[in-house]
Structure formats: C-alpha cells, structure tokens
Amino acid sequence: MSTLIDQPARTEQITEATQRQRRYFRSLRRSASTLLTLSIGIVLCSNPWTSILVIGWTFRLMRRQIFLGWWNQRPTGEESPLDARIVPLDDHFPAATLPRWLLCERFIETLRRNRPDGSPPGRWQILGRLPIVITSSLLSNLRWGILALLCTILLTYPACVLWLGSWYDGWNNSFTKGYENAFVGAQAGLFAHLLFLVAMVYVPMAWGHLAASGQIRAFFQFGLLARMIWSNGWLAAAYAAIFSLATLPVLALRAAPFAFALANPDDWANTEPSEVLSIITRYQIAAGIYLFSAFVILHLFIARLYRVALRRTLSRDPWIVSQLPVPIRTSLFQLRLVPEHPPRRGPFLRMIRWSAQSTSNLFALLTTTILWFTVVIQIYLGQFLNYIPWAGWLNQPLIHLPCLQVIPSGLG
C-alpha cells in the first residue's frame, strides 16, 4: 500500500532529476560551443586574410544585438525569444544563438525544409543542400567582412595613405637635409589628422547602420547619420573615450617586440630561428586574444549606442523614418517603435530647448574630436616605438583588420 502511495513522489523525483540533468548538459554544451567560437575567432585574428571572417562574424553579431534590443523594447512588454521574421533579408539569422563560423545556424531546419509545393524533400534533394548548409555561415561571414571592410577603407584610407606619405616625406627631408621642403610632410600629416578625425566621428555610427540594414548605401547616408551623431553627441563621445582606452593595449602590443629586443639584444642575436618563431607565435596568440575581444566588444558597444541613438532621433524627428533603409523601417513599424506624433511645445520653449541642445551637442562634438585625436597620438607613438612600414599606417587593428602581423616572411 505504501509502495503505491510513494509511486507518484518517486516519479516526480525521477522527472526532476532528468530535467536537472538535461539542463546541466544543455549548459555544458552551450559553454563548450561558446568556448569553441571564441577560440576560432582568436586563431583567425592571427592572419590578415582570415581576420576578414572575424569582421563579418562581428557585424552579424551586431545585427542580432540591434534587433534583439528593439525586440525587447517593443510596447507589448511580452518576454519571448526574438522572432527572426522581424529581421528581413536574412534567412539564416541566428535568433537564439551566436553566429557560427562555418555551418548554417539552422542546419537541420534548412536541410528538411519543404519544397515550394509543400511536399517533404527527397534524399537526393537533401544531399544537394548539404554543400550550402555546410558553408552557409562561412560565406555569410566572408560577405559581411568584405562589405564592412571596404566601406571602412573608403572613408578612412585617405587619412591613412596621407600618413604613410607624410612619414616617408618627413624622414626623407630629415636625411637629405631638404629643409626648404620640410613643411610638405608636416602639412600632409596635419591634413591627414583632420581627415581621420572627421572620418572617425562618422564611421562608428555608420557601422551600426550598416549592420542593421545590410546595405552598402546605408553606410553612406551622410545626412541621416550626421543628424544622428549631432543629436546624440555624448554617446559618440562615450564611444570615442572607450575606443581610445581600448587602443592603449594595442599600443603596448605593438611596442612589445621593440621592448623584447631592447632588453636582451645579445640573447636575440644568438637565438635559433625556430625558437624565435615559437616566441612570436605565442605573442601573436596573446595579441589575438586581446584583439578579438576588444574588436567584438567595441562593435557591440556601438551597436547598442546606434540602437539608442536611432530611437532618440526618431522621437525628435519622426519624419526621418522615410529615409531609413527598408529593412530597418519595416522592422521598426512591425515592432511599433516609430512615434506617430512628436511632442508639441510653444515657440519660446522650442527656442530654449534648441539653444541648450545645440550648445551641448557642440561641446560633445568637440570632446569627441579631442578623444579621437588621442587615438592619432597612439598611432604615431606606436610607429615611433616599433615602425611597421605599411601595415602600421594602413591597418589600425580595432578599425580595419583585427590582426597584428609581426612574423617576418623568412620565418613564417
């Protein structure tokens, strides 16, 4: 009798234990997957070509971050997982997981997707889909990486190329004693600083716009993005401050080989090439850990700021919604995040508000520019400590390719 009474309790205990076990294995599997994802990212940061995939993976993660934030801010207030259907033009959007490096995020779902007439796919059709789903994320990462890198290069390379030329011209003048032409290098350098500052005030917000829209032309919506930056100047200043701080370890990493050689020059002269290669490889892995982490965190931070900035700008000027790219506009309307009627104020209040806001925005813009100039100082300081002929000017690891290639071609 007692056995029959205890039976439901035992069944309940077994069920709880089973659920606990499943939760444990699910958590373990998620941790292992995250660790594997991060490890692959770190390894990819050791080579300039593979680091393009890191850029693409990061922008896909930014895209998820932006839409997930808007999803959680929708007025319904319901707590539910992100519905991938609100993210247009991306059938493989990773709604619940991190973007993958190689396999499609919806591997099984894509393989078993019904035909257009609603019938289940045959064996040969599933086999035919295998190459696509196996390489789907790899191709997405590559496409996004090339897209984002090209857009960034178009706006930042005028300054980088001028830096390269001004440095070369400056040293030439110094060695050949052509003092009557000494101003050429200096003036080119100053003009490059100006171009870089203007570009970097703009580019981070454009990264967020590109990630949300997935369209190249969105990156060059100068009027819309300038309005967003002007209206949210202190957000741009906060990003510039954090970026400048994050660049300090990059400066240390760039200067490290110089410090190693300076500490024990005789030991390095007698070291075998294989041992040097081993040390440099370990150094690059350490650099990859920092570069990957900093690159991803900085981009996720700007994704968050972009998300906030766009909604703030919309609340002040709802008419700009017509200028937004279709994917963003459609999602915002679906989530009911576009304000229909801006707050109406009297002319006096509007004048006071405009004056206060313009003054604040002006100071914020000035602060942002000064903070980006500290990044320029770090770039120059890094070149003085450890001169890297081309990549030192043309690749800023937290802006372009997240990679510090320091292995000499003879050793690699």
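Modeller: First, a term: a residue is buried when its relative accessible area is under 20%, exposed when over 50% and partly exposed in between, with a 1.4 Å probe and protein chains only. This is a predicted model, where local features need pLDDT of at least 70 and side-chain atom pairs count only at pLDDT 80 or more, while totals for chains, interfaces and linings use all residues. Residues are numbered from 1 along each chain as its sequence is written, and side-chain values use heavy atoms, leaving out hydrogens and water.

Let's start with F67 and W70, which are both buried. They sit three residues apart in helix α2 (residues 51–73), about one turn of the helix; helices are DSSP runs of H or I, at least four residues, numbered from the N terminus. Rings of Phe, Tyr and Trp (its six-membered ring) pair if their centres lie within 6.5 Å, with planes under 30 degrees apart called stacked, over 60 edge-to-face and the rest tilted. That rule gives 22 aromatic pairs. F67 and W70 count as edge-to-face because their ring centres are 5.5 Å apart and their planes meet at 90 degrees.

W70 turns up again in the largest nonpolar core, where W70 and W207 have the most contacts among 87 residues. Such a core joins buried Ala, Val, Leu, Ile, Met, Phe, Trp, Tyr and Cys residues through side-chain atoms within 4.5 Å. Helix α10 (residues 273–316) supplies the largest share of this core, 15 residues. Leaving aside residues up to four places away in sequence, W207 touches (heavy atoms within 4.5 Å) M200, Y239 and I302, among others.

A cavity is a set of points on a 1 Å grid over the protein atoms alone where a 1.4 Å probe fits but cannot get out, and lining residues have an atom within 4 Å of a point. Volume is the space filled by probe spheres set on the points, which are joined across faces, edges and corners. Helix α5 (182–213) gives four residues, the largest share of that lining. The lining has eleven nonpolar residues, one polar and no charged, where Ala, Val, Leu, Ile, Met, Phe, Trp, Tyr, Cys and Pro are nonpolar, Asp, Glu, Lys and Arg charged, and the others polar.

The largest cavity is about 120 Å³. Its lining is made up of eight nonpolar, four polar and one charged residues, with helix α8 giving the most, five residues.

Key. Helices (H or I, at least four residues) and strands (E, at least two) are DSSP runs, numbered from the N terminus. On a 1 Å grid over the protein atoms alone, a cavity is a set of points where a 1.4 Å probe fits but cannot get out, and a pocket is an open set with protein on both sides within 12 Å along at least five of seven lines; lining residues have an atom within 4 Å of a point.
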